[in-house]
Amino acid sequence: MNHRTLRMTSPRQRAIAEFVLDHLVWFMLATVLLAFSLFVPNFFQIGIFANIIEQSTFVGVMAIGLAIVIIAGHMDLSVESTAALAAMITGILFCARGIGLGITLTPEWLVVPVSLLMALAVGAVIGFLNGFFTIRLKMNAFIVTLASYIWVRGLVVAISGGRSAQDLSPSLRVIGIEQLLYVPLIAWIAILCFAVFSFIMGRTPFGRHITLIGGNAVAAFRAGIKVDRLMFISFILAGAIAGLAGWLLAIRTSGATANLGTGMLFNAFAAVVIGGVSLKGGVGKLPGVYAGVLLLSSIHTAINLMGLPAHYTQVILGLLVLAAVLLDTLKLQIRQRFA
Amino acid sequence: MNRLRRLLTASIAIAAMTAVAPAFADSKGKIYYMVPTLLDEFQTESVSSITKFMGDVGYEVVTLNADNKTDLQQSQMNDTILQKPAAIILAAVDFNALAPSIEKARAAGIPVMIFDRQITSTPSDLTSVAGTVEIGHVAAGEIQRLLTEKKGGVKGKILQVLGDPADPYTLDIQKGFEERMKEFPDVQIITLPAMQWEASNAGTIVSDQLVANPDIDLIFLHAAHLSVAAVAALEAKGKKPGDVMLISSNGAPVGLDLIRKGWLNVEVEQPLYAQAAALAMFADKVVNKQEIKPGTYKVLGLDSVLTIEPWGPNIKIPGAAITKDNVDEARFWGNLKAPADKITPVQ
């Protein structure tokens with residue numbers, strides 16, 4: 001298809017092409033799922049699809065906050081360690097064994113909102129610090145959040161003494177065990193988060209302004225948008241959402257270990273990039289990020305089922321990110337030709 | 001100006017938080033312990049037990065954590081050699097990559113003791129190990145017993161969850177386990193690694209495999225903290241204690257708790273306290289470069305065999321299988337009751 005042919009396409013064809021380009025990651029997901037269902041033994045069954053959705057929970061939730069900061073034109077490398085800290089604090093307070101203090105509340109269900117609020121608060125504090133150094137002190141976000149990535153993980157080791165907390169309160173564990181339509185409640189929480197934040201980012205002034213800021217902060221400032229305030233909020237949000245991811249992680253593993261969540265940052269980054277969020281800021285939609293997370297989980301699961309050495313996961317993951325960036329570049333070129 | 005003031009205040013606050021200088025007491029000398037990571041309970045407890053036992057025999061221990069990074073541990077070794085300590089205790093991140101550092105330390109006159117992770121490619125002054133391959137052997141023996149009890153013979157399907165596939169520790173356990181299971185053709189072993197020893201990765205593997213292979217009889221995990229996530233995954237699939245047999249290794253407190261709750265059948269212990277105590281028993285001889293004689297020594301009540309190997313004196317402490325019958329015994333480090341009695345140096 002050459003330049004001339006593209007310009008001669010009908011509006012209907014153009015609309016279809018635009019739709020495909022906008023939802024490319026979903027088509028990739030569908031293709032991958034179809035291929036795995038056909039060629040990977042035991043893949044095509046409801047239990048496996050439920051597992052994929054469940055396994056997407058933690059990286060997925062983490063990726064929401066990361067995507068918001070990236071869309072705003074910044075970077076947050078601290079989300080993984082923030083999640084680990086929130087998980088460890090949840091574990092220490094509400095686990096009955098190991099280093100857990102076994103705190104109980106009356107009525108027992110109160111432990112759910114209280115632990116959730118604590119995890120969110122822990123994350124929000126880390127996000128606030130990141131925002132303070134980056135926005136108020138004008139320090140580089142990459143360096144600030146890299147420092148947080150290191151010191152927050154160090155804090156996890158320090159407060160746990162390298163030990164683990166186990167046997168989480170049954171009121172919390174129920175969220176990890178109970179299912180709705182074959183899918184555990186923790187995964188529904190992740191889906192709900194994606195729905196809520198997709199709405200916020202796509203349909204509210206806050207989301208639109210964040211996208212505008214990421215695209216051109218100077219123009220947004222001149223248009224009267226409170227750039228610093230919104231970017232500060234995006235850091236706090238990313239931290240709080242990472243806190244939520246940690247809370248869910250503690251529920252899934254019935255406690256916390258000092259290395260909990262290790263490696264998730266890079267999966268979250270990969271999901272964000274595959275999902276179509278531009279690392280330059282100003283471009284990206286959260287449903288695409290969710291598709292990216294599902295795609296990664298599908299690949300992990302397929303590799304588990306095929307019994308391939310796990311090293312292949314990383315090779316495939318790396319190639320996939322590269323392919324996603326390549327596709328993104330192609331998408332831009334194709335759009336320019338349509339224009 | 002305001003920004004400058006804020007920057008200064010923040011910098012001073014951060015510097016103040018990190019500038020905490022430790023106080024050192026008089027001792028026979030400093031021994032540096034190079035711990036591979038502080039992200040697992042075995043290593044964490046090894047720090048406190050080595051510090052305690054070495055303190056018993058008059059040495060002060062300084063611990064350096066390599067965060068599972070070989071290059072960092074190599075740099076730490078270089079830095080430590082310049083400090084000229086009485087000795088170095090090394091639990092290597094990578095068994096072979098640290099060999100040149102050991103040679104460098106010994107060439108500088110600093111004795112090197114190897115803790116837990118055996119290095120056979122170069123001589124050292126004392127090695128105290130349980131034997132990671134042997135842990136695999138013990139696990140295989142217990143698994144054969146469990147399968148026979150349940151199925152009337154050594155047959156069935158086993159899911160083996162390794163730690164990080166780049167860690168020789170887990171690969172050695174796998175080697176020991178699989179060489180003892182080779183003779184049982186009716187046993188199918190599915191092996192998958194939990195990347196970076198991360199618990200939720202183990203949970204994910206168990207979740208997937210329970211769906212793909214619902215007839216799994218037994219799950220063997222290479223660390224106790226991985227079994228916590230495995231149990232959470234089993235619970236989420238509606239399983240009860242005993243539905244799927246579980247066995248893990250290293251003897252961490254989490255594993256012992258899971259035995260008490262009925263989820264875990266066996267935990268293969270690494271005798272951490274005895275391994276650490278053995279180093280302290282021979283510390284004077286190592287530091288003073290005296291001869292270490294082969295033979296059987298009682299280390300915290302365990303009969304341990306010291307042999308002179310091509311890589312130097314090597315004391316092997318027997319690992320133990322922990323079950324619900326003996327789980328509460330204080331000798332298991334997972335009960336976190338470090339022996340209160342002082343270690344006596346070997347004369």
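Trainee: What radius of gyration would a compact globule of 347 residues have, and what does chain B have?

Mentor: This is a predicted model, and for 347 residues a compact globule would have a radius of gyration near 20 Å, with which the 22 Å of chain B agrees. Along the principal axes, the C-alpha atoms of chain B fill a box of roughly 70 × 60 × 35 Å, and 54% of the 347 residues in this chain are buried.

Trainee: How many helices and strands does chain B have, and what pLDDT does the chain average?

Mentor: Chain B comes to eleven helices and 14 strands, with an average pLDDT of 88 and 93% of its residues scoring at least 70. For the model, the scores are ipTM 0.76 and pTM 0.79.

Trainee: Let us turn to a single strand. Which way do the residues of strand 8 of chain B point, and are they buried or exposed?

Mentor: In a regular strand the side chains alternate between the two faces of the sheet. In strand 8 of chain B, which covers residues 218-221, Leu218(B) and Phe220(B) point one way while Ile219(B) and Leu221(B) point the other way, and all of them are buried.

Trainee: Which strands pair with strand 8 of chain B, and in what sense?

Mentor: Strands of a sheet pair through backbone hydrogen bonds, either parallel or antiparallel. Strand 6 of chain B, residues 156-162, pairs with strand 8 in the parallel sense over four bridges, and here Val161(B) stands opposite Leu221(B). Strand 9 of chain B, residues 245-250, also runs parallel to strand 8 and is joined to it by four bridges, with Leu246(B) as the bridge partner of Ile219(B). Strand 8, helix 8 (residues 224-236) and strand 9 of chain B together make a β-α-β unit that is right-handed.

Trainee: How many helices and strands does chain A have, and how does its radius of gyration stand against the globule rule?

Mentor: Chain A has 15 helices and five strands. Its radius of gyration is 21 Å, close to the 20 Å that the globule rule gives for 339 residues, so chain A is as compact as a globular protein of that length. Buried residues make up 52% of chain A, and of its contacts between residues at least 6 apart in sequence, 79% join residues at least 24 apart.

Trainee: In what order do the strands of the open sheet in chain A stand, and which of them are at the edges?

Mentor: The order of this three-stranded open sheet is 1-2-5, with antiparallel pairing. Strand 1 and strand 5 (255-256) of chain A stand at the edges, where each has a single partner strand, so one side of each is left without a neighbour in the sheet. Strand 2 of chain A, residues 165-168, is joined to strand 5 by two bridges, and the bridge partner of Ala165(A) is Ala256(A).

Trainee: Finally, how many residues of each chain are in contact with the other chain, and which element of chain A gives the most?

Mentor: The contact involves 41 residues of chain A and 37 residues of chain B. Helix 4 of chain A gives the most to the side of chain A that touches chain B, with six residues. By class, that side of chain A has twelve nonpolar, 23 polar and six charged residues.

Definitions and conventions:
Residues are numbered from 1 along each chain as its sequence is written. Chains are lettered from A and ligands numbered from 1 in the order in which they are written. This is a predicted model: local features need pLDDT of at least 70, side-chain atom pairs count only at pLDDT 80 or more; totals for chains, interfaces and linings use all residues. A residue is buried if 20 or more other C-beta atoms lie within 10 Å of its own, exposed if 12 or fewer, and partly exposed in between; C-beta atoms are placed from the backbone. Two strands pair if DSSP finds at least two bridges between them. A crossover is right-handed if, with the strands pointing away from the viewer, the path from the first strand over the helix to the second runs clockwise. Two residues are in contact if their C-beta atoms, placed from the backbone, lie within 7 Å. Ala, Val, Leu, Ile, Met, Phe, Trp, Tyr, Cys and Pro count as nonpolar, Asp, Glu, Lys and Arg as charged, and the others, Gly among them, as polar. pLDDT is the predictor's confidence in each residue, from 0 to 100. The radius of gyration is taken over C-alpha atoms; the globule rule is 2.2 Å times the number of residues to the power 0.38.
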